[in-house]
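Thanks, everyone. I'll keep this short. Please bring the structure up on the screen.

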Protein chains: 2
Amino acid sequence: MLSRLPSLDKVRLDYKCVIPKQLAIPHVTKRSTITASVASDVADKFPNTSNAKAVDFAAADAFSGKALRVGAVLSGGPAPGGHNVLCGLYDGLKKLNSDSTLYGFLSGPSGLVDNQYKVVDQAMVDAHRNQGGFDMLGSGRTKIESADQFERVKKTVTELKLDGLVVIGGDDSNTNAAVMAEWFAAQGVKVNVVGVPKTIDGDLKDKDIEISFGFDTATKLYSELIGNVMRDARSGRKYYHFIRLMGRAASHVALECALATRPNIALIAEEAFEEKMTLGQIINHMADVVVARHKAGKNYGVIVFPEGLIEHIPRMHTLIDELNNTVLPKLDTPTPATVLKALGPDTAETFAMLPADVQGQLLLDRDSHGNIQISRIETEKLLISLLTAELDHRTEYKGKFDPVSHFFGYEGRAGLPSNFDCTYCLALGLTAASLINGGHNGCMAAVQGLTSPPEEWVPRGVPITGMINMEVRHGAAKPVIKKALVELGARPFGLFKEHRDSWEVEDGYVCVGPLQFEGPCSMNPPITLLAEQE
Amino acid sequence: MLSRLPSLDKVRLDYKCVIPKQLAIPHVTKRSTITASVASDVADKFPNTSNAKAVDFAAADAFSGKALRVGAVLSGGPAPGGHNVLCGLYDGLKKLNSDSTLYGFLSGPSGLVDNQYKVVDQAMVDAHRNQGGFDMLGSGRTKIESADQFERVKKTVTELKLDGLVVIGGDDSNTNAAVMAEWFAAQGVKVNVVGVPKTIDGDLKDKDIEISFGFDTATKLYSELIGNVMRDARSGRKYYHFIRLMGRAASHVALECALATRPNIALIAEEAFEEKMTLGQIINHMADVVVARHKAGKNYGVIVFPEGLIEHIPRMHTLIDELNNTVLPKLDTPTPATVLKALGPDTAETFAMLPADVQGQLLLDRDSHGNIQISRIETEKLLISLLTAELDHRTEYKGKFDPVSHFFGYEGRAGLPSNFDCTYCLALGLTAASLINGGHNGCMAAVQGLTSPPEEWVPRGVPITGMINMEVRHGAAKPVIKKALVELGARPFGLFKEHRDSWEVEDGYVCVGPLQFEGPCSMNPPITLLAEQE
């Protein structure tokens, strides 16, 4: 009885992704003639792999290569499409040479360190095509940093005689991939390390990496939920919804969802930072909008913001720094009163305006290093508390302010991937296979031209060193891929800025509805990507 | 730029619902010959409208009727499909006689009392086909109870010369429809009142009303989110997700979602009540499952329950009663310590086991009558707190217990309706139009055979009095439509019971994915409905 109805996850197993022409036909890879610039301190750190020439694909007579042994690892939080990267990698390796073997390391990078793996076979791949999650292999957040860990990874790679290693992860994991690529080259271990750009936050990108996979599916799910809440708000006409979204470092998710659904207010953390906004200014603006809407007969609204907002407000940032580094280490049992005395005048003012429960949270809920756990602060409740107090002071406001808070997070990380993410990820996997076959160490797999039809998408290999900067962390220079932030001068934010005032009182709500796998809306790319490529 | 991509809400405007044959062809309505039983106290209260004969539809030569003037009102929280009821009503009235007029009362029942309306025209209807929310007219929760309100409704009805009034709402609103139908009949006002069964909670149903509209879309959205969280849990393998769902009186939503997604534990409030479960038993069982999963190498899981769970645990129910009626009225500034002394021994034991913050919430967060606001209790946090404490006592358990809490509510009330809800609601509206045309006062519009293809669905009119019971409320006998609870002896719960043990340790997770409007899964009915009709 429970199996009587057709089940979408099973139906999706049979979805056939379009394969970009350059990957569908027999091809070879070749280094581009153009050398990109790599900072000299990076070149010093990566002497063997800082040859920053991209890898292009060219037509060939037949698919061919020697039988390759390749390992793959999923790293960090899941993002929709990860399984299709593995499927593409498997398909690509088998097409190049049917005797190739794909080793899937279990539970993230720790599987690589501990040599825990499954040999990926056709049945495994076919059971996970177009499915969400990272559960085919599991994932994890182990960082490969110590000399011992590097030795153990080397042991795994040499024991399995790997020709290639594919690291599917975010900025940290891809930095790690570059470091491993360099280290293996220096050690004379012949393995080609290839990175694949994953993160639903969308902050791993540059001129060559147009978007990270998972962003499209996740933002479409969050936009569905926001749109539903908007339609609910406009039906009952009595609630203000405060919606916190993913994105601690960057606000791409909030921006994409804002462009898709058009909330009354959307806060972009990068703007708060650049414009040196204070919490007071943000709350004042919100109160202005609530009052204006009330005058227009609207006692409801929808306000969207990223989880990283608080950290990006400069005064909050300073307060948290001062608490972490100066005040809290000096106090045995900090209370709001003792903390207030110990803070400087500016930071004391910021601390004093926070609601009592947030003050308490800042003082009590600290991590093992004694640092404040900013991600634990429920920004939506902080904003509601401050706005409620501000509205009490607005004598011209007679409305009933009835706030509801939401956090949309885990729901978006592991859903069935969109056709866009399915197709993109399969192409990324195929690209990774060809890069390894071509002997390219230290590249990230890239697929470009993503707002064109998928047939026209262009596979490339992009040297990871070209994305790396050296930054001082804990007194030592470390290679880092900078998270790509929302650029206030670029088109996606410009588009938002152009329209947002008109959405404050005149509702522009769009109920985008659930992600569709068939029909006219089934291959819409992210709006921010479209805006960037216009 | 923002309008460049096809938009699903616009695409959905053109979706053509299948119209059941009996509604598509010219038809007349006729009273059935079978009289259903109405309780004698209900018959006494409804002397004019307790003629409990259903209304059937029969083929006729042509669509025909006089030009009708009909009012419609949306009542209570939005449910996906409400706009299609209005579309069906409009389409039906116009087909019967193109000079008919539909008046849409604004902001719920208060629009009827205050004679605030819009004349519904073709453009309004066409802009809202297959759209979610109740925003075409707005909704509200005003109860029409006082003599003054009844007089004002009568004034509205007579001023607009209404032939019919359609009330789209839940159990309360449909009871109200029956009371109005009786009152108008007694007053000699010739208006036919028709109810339409709405509620995402699914608790307005009986042998004739197979399901309320909105339940299908809402549970599919919640199931999507639960399935995504499951896939996330199985990828990272380190979180226990506690998911609270809608359903204060009845657990249909939780049961439907459990059958669709197969969580490790799903709690059904009706079972907790019937089996006189204690919180301690529930927590113990959860701890057993967490420990067993840990032994199987699984430190993750998904647990689902309805918001009404706490109220249905008999000892909690008794505690809350005693607090509301005996203890709290006696104490000026209740504290956990003074309350503990004032409670009887059994209830004191129950109170003592609650975490401090829940105790505080019970004592402080009360409504204007001084009653505890049970719906404010975050059940997910209560369960997490108690389970964490219990696991600390389990010496055999060495796992790291990392819980995450969720509440899925508003997101599901106003989304784009499923094809099932679109089709069902359009048919309900068409049925309501024909019932008014046939002169049937005091019926609920019904469409039966809902697991057959829509062509075969059977429209009927069901006398609301047949669903009513007289119950004593605040010392007076009041007509009430009993909320339909999950029946522990019926097939849907049986199906769940049959399988649930196997889902506790062996994951049965189904990632059902987003609601689809095209393709093989686009007309799946709710599983509980299918189980009931097998």
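**Rings, helices and symmetry**

Start with Phe184(A). Its relative accessible area is 1%, under the 20% cut-off, so Phe184(A) is buried. Keep in mind that this is a predicted model. Phe184(A) pairs with Trp183(A), edge-to-face. The centres are 5.7 Å apart, with 65° between the planes.

How many aromatic pairs are there over all chains? The count is 24. Take Phe105(A) and Tyr117(A). Their ring centres sit 6.4 Å apart and their planes meet at 80°, so this pair is edge-to-face too. Phe105(A) lies in strand β4 of chain A, Tyr117(A) in strand β5 of chain A, and the two are 12 residues apart. Buried or exposed? Phe105(A) is buried, at 0% relative accessible area. Tyr117(A) is partly exposed, at 33%.

Now the helices. In chain A, α12 covers residues 279–295 and α18 covers residues 379–393. Their axes come within 9 Å and cross at roughly 65°. The crossing of α12(A) and α18(A) is right-handed. Residues in contact include Ile283(A), Met286(A) and Val290(A) from α12(A), and Leu383(A), Leu387(A) and Glu390(A) from α18(A). By class, that contact has 11 nonpolar residues, 1 polar and 1 charged.

Last, the two chains. Which rotation superposes chain B on chain A? A rotation of 180°, with 0.0 Å of shift along its axis and an RMSD of 0.0 Å. That is the relation of a two-fold axis. The same surface serves both copies: of the contact residues of chain B, 100% recur in chain A.

Technical notes
Residues numbered from 1 in each chain as written. Chains lettered and ligands numbered in written order. Predicted model: local features only at pLDDT ≥ 70, side-chain atom pairs only at ≥ 80, totals over all residues. Heavy atoms only, no water. Least-squares fit on C-alpha atoms with pLDDT ≥ 70 in both. Contact = heavy atoms within 4.5 Å. Axes fitted to C-alpha atoms, helices over the stretch in contact; angles between N-to-C directions. Helix = DSSP H or I, 4+ residues; strand = E, 2+ residues; numbered from the N terminus. Left-handed = near helix turned anticlockwise from the far one by under 90°. Nonpolar A, V, L, I, M, F, W, Y, C, P; charged D, E, K, R; others polar. Phe/Tyr/Trp six-rings, centres within 6.5 Å; stacked < 30°, edge-to-face > 60°. Buried < 20%, exposed > 50% of the residue type's maximum accessible area, 1.4 Å probe, protein only.
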